[in-house]
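Q: I am new to this structure and would like to go through it step by step. Could you show it to me?

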Amino acid sequence: MSAGVTISSMSTYAILGCGSVGHAVADELTEEGKDVLILDKDEARVEALRDQDLNAQVQDIAEDDVAGVVADRDVILILSSDVDANKEAVRAIRDHDGEQYVVVRASDPVSQDELTELGADVVITPSTVIADSALRSLESGELEYKARQLADIISSADGRLAILAHDNPDPDSIASAVALGAIADEYGVEADILYDGEIGHQENRAFVNTLGIDLLAREDAPPLSEYGALAIVDYSEADELDVDSDVDIYIDHEVPEEPIEAQFTDIRKNVSATSTILTKYIQEFDLSPSETVATALLYGIRAETVDFKRDTTPADLTAAAYLHPFADHDMLEEVESPSMSPETLDVLAEAIQNREVQGSHLVSNAGFIRDREALAQAAQQLLDLEGITTSAVFGIADDTIYLAARSKDIRINIGTVLQDGFSDIGEAAGHSTQGNAEIPLGLFTGIEASESNRDTLLQLSEEAVRRKLFDAMGVESSGSSSGGDATNGS
């Protein structure tokens, strides 16, 4: 079959063997206006099909001349319950140099392999089809059930809904909160999106400002206990949950380190973004997302999957496809390409100069910094260097060593790496693809920090951080920066 041709674009079909399965397929294709030819060796069955105005003729599909009968058909569906006859039909069609798209029925894994070897494009078994259909029905039914639960909790909220994103929220967390707020609005419930920490990453600030998303720092908001209900989204990165109220709703695509008890919980590890989960709820509630909601969710999915290049699942792709026509793509481009601040450029330049690479792992020291969020941007930029799968950049500010790490290496969990390396002397958090750590400078080096010993502390912390990081990653540090080709190393 030529590249670019899909079954949906084809117009002529042949069904070989028309039992109950073939009959059902023939009816469906005919209703869609397709040109369908049915072949079966049972004369009485063929007559019955003709009485239903179906194009049917008598033909033993195990005979070689079947290939000539279907030579003008685009798609051949061989659906007889006689697997031996199905094999002969595939063999005849391929021996006849037929290039049609062939779908054939098997009875078990052995016949499935044999039919594939004979040249079938797709081999199906009834048990597999039934199981797949059952699972799809289960997934659809579960989503419908959960949507009813979610709607009941939101609509019964006695007051405003507080939606808590994780600390220093990223696009996925923010977008998920925005979408949940839009759902709440459909039920007449107003919502506040709250966060701890700061929105420091330039892309995240551009995301919030460009889309006009209203966020409220928790320190400026009423206590959570004064809200009618509390929802938490995309919170698995947090060390622990710091709330003074019962949690009503918890939605995430990762299992949190510490279990979060909630009246309603939806955790789906089979997707790569919490934005994907909220998109499914938008669809289930039959809501047409606003341009802002669609753009936010699409950006959340793209950011979490690194533009569909990391851990992307079919659900992420179908969610993105659904959101695509609703989103403002000029706005997306503006968000994804913010200007880089002078501070970030300085940190990135320092990190490039001081990098050390061992294998595919890069660690660098950015020195004394003013904006710790620049570390995360530098780590992300360095991850794009050729041959690099894990990057970590650290710097010193306010007597604290701040470290940001990013990874696309499926063999390691960078959040766990940081916790293994630094949780005994500081704070570390993260998940498989990104993480952060904070270590008191004096505690780490054993020397009290002062203005006079800054350079000494920087040198000591650089050596120790590199060693700890590389040890946690399972590689040896050379103890010096490369200062050259980033793909060098052992």
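Predicted model: local features only at pLDDT ≥ 70, side-chain atom pairs only at ≥ 80, totals over all residues.

Q: In what order do the strands of the parallel open sheet stand?
A: The order of its six strands is E3-E2-E1-E4-E5-E6, and the pairing is parallel. Strands (E, at least two residues) and helices (H or I, at least four) are DSSP runs numbered from the N terminus, and two strands pair if DSSP finds at least two bridges between them.

Q: Which strands stand at the edges there?
A: Strand E3 (56–58) and strand E6 (122–124) do; each has a single partner strand, so one side of each lacks a neighbour in the sheet. On average, neighbouring strands of this sheet are turned by 15° against each other, direction ignored. Such angles run from 0 to 180 degrees between N-to-C directions, with axes as lines fitted to C-alpha atoms, for helices over the stretch in contact.

Q: How many bridges join E5 to E6?
A: Strand E5 (residues 101–105) is joined to E6 by three bridges, and the two run parallel. Val 104 has Val 123 of E6 opposite.

Q: Which strands does helix H1 lie across?
A: Helix H1 (residues 20–31) lies across strand E1 (12–16), strand E2 (35–40), strand E4 (75–78) and E5, and runs at about 165° to E1.

Q: Moving on, what does E7 pair with, and how many bridges are there?
A: Strand E7 (residues 161–164) is joined to E8 by four bridges, and they run parallel. Leu 161 has Ala 191 in E8 as its bridge partner. From E7 the chain crosses through helix H7 (residues 171–186) to E8, in a right-handed β-α-β crossover. Right-handed here means that, with the strands pointing away from the viewer, the path from the first strand over the helix to the second runs clockwise.

Q: Is E8 mostly covered or mostly uncovered?
A: Strand E8 (residues 191–195) is mostly covered, with four of its five residues buried. Buried means under 20% relative accessible area, exposed over 50%, and partly exposed in between (1.4 Å probe, protein chains only).

Q: How many bridges does E8 share with E9?
A: E8 and strand E9 (residues 216–217) pair in the parallel sense over two bridges. Leu 216 in E9 is the bridge partner of Leu 194.

Q: And Ala 157, where is it, and what does it touch?
A: Ala 157 is in the loop between helix H6 (126–155) and E7. It is buried, at a relative accessible area of 15%. Not counting residues up to four places away in sequence, Ala 157 touches Val 189, Gly 228 and Ala 229, where contact means heavy atoms within 4.5 Å.

Q: Is helix H9 largely enclosed or largely open?
A: Nine of the eleven residues of helix H9 (residues 274–284) are buried, so the rest of the structure largely encloses H9. Among the buried residues are Ile 277, Lys 280 and Tyr 281. After H9 comes Asp 286, with a positive phi near 55°.

Q: How do H9 and H10 cross?
A: The axes of H9 and helix H10 (residues 291–304) come within 9 Å and cross at roughly 145°. In this contact, H9 contributes Ser 275, Thr 276, Leu 278, Thr 279 and Ile 282, and H10 contributes Leu 297, Gly 300 and Ile 301.

Q: What is the other open sheet, with mixed pairing, like?
A: Its six strands have the order E13-E14-E15-E16-E18-E17. Strand E13 (356–358) and strand E17 (427–430) are the edge strands, each pairing on one side only. E17 and strand E18 (residues 434–440) run antiparallel and are joined by four bridges, with Ala 429 opposite Asn 436 in E18.

Q: Finally, where is Asp 409, and what does it touch?
A: Asp 409 is in the loop between strand E16 (400–407) and helix H15 (414–422). It counts as buried, at 7% relative accessibility. Not counting residues up to four places away in sequence, Asp 409 touches Ser 360, His 361, Thr 389 and Thr 390.

Notes. Residues numbered from 1 in each chain as written. Heavy atoms only, no water.
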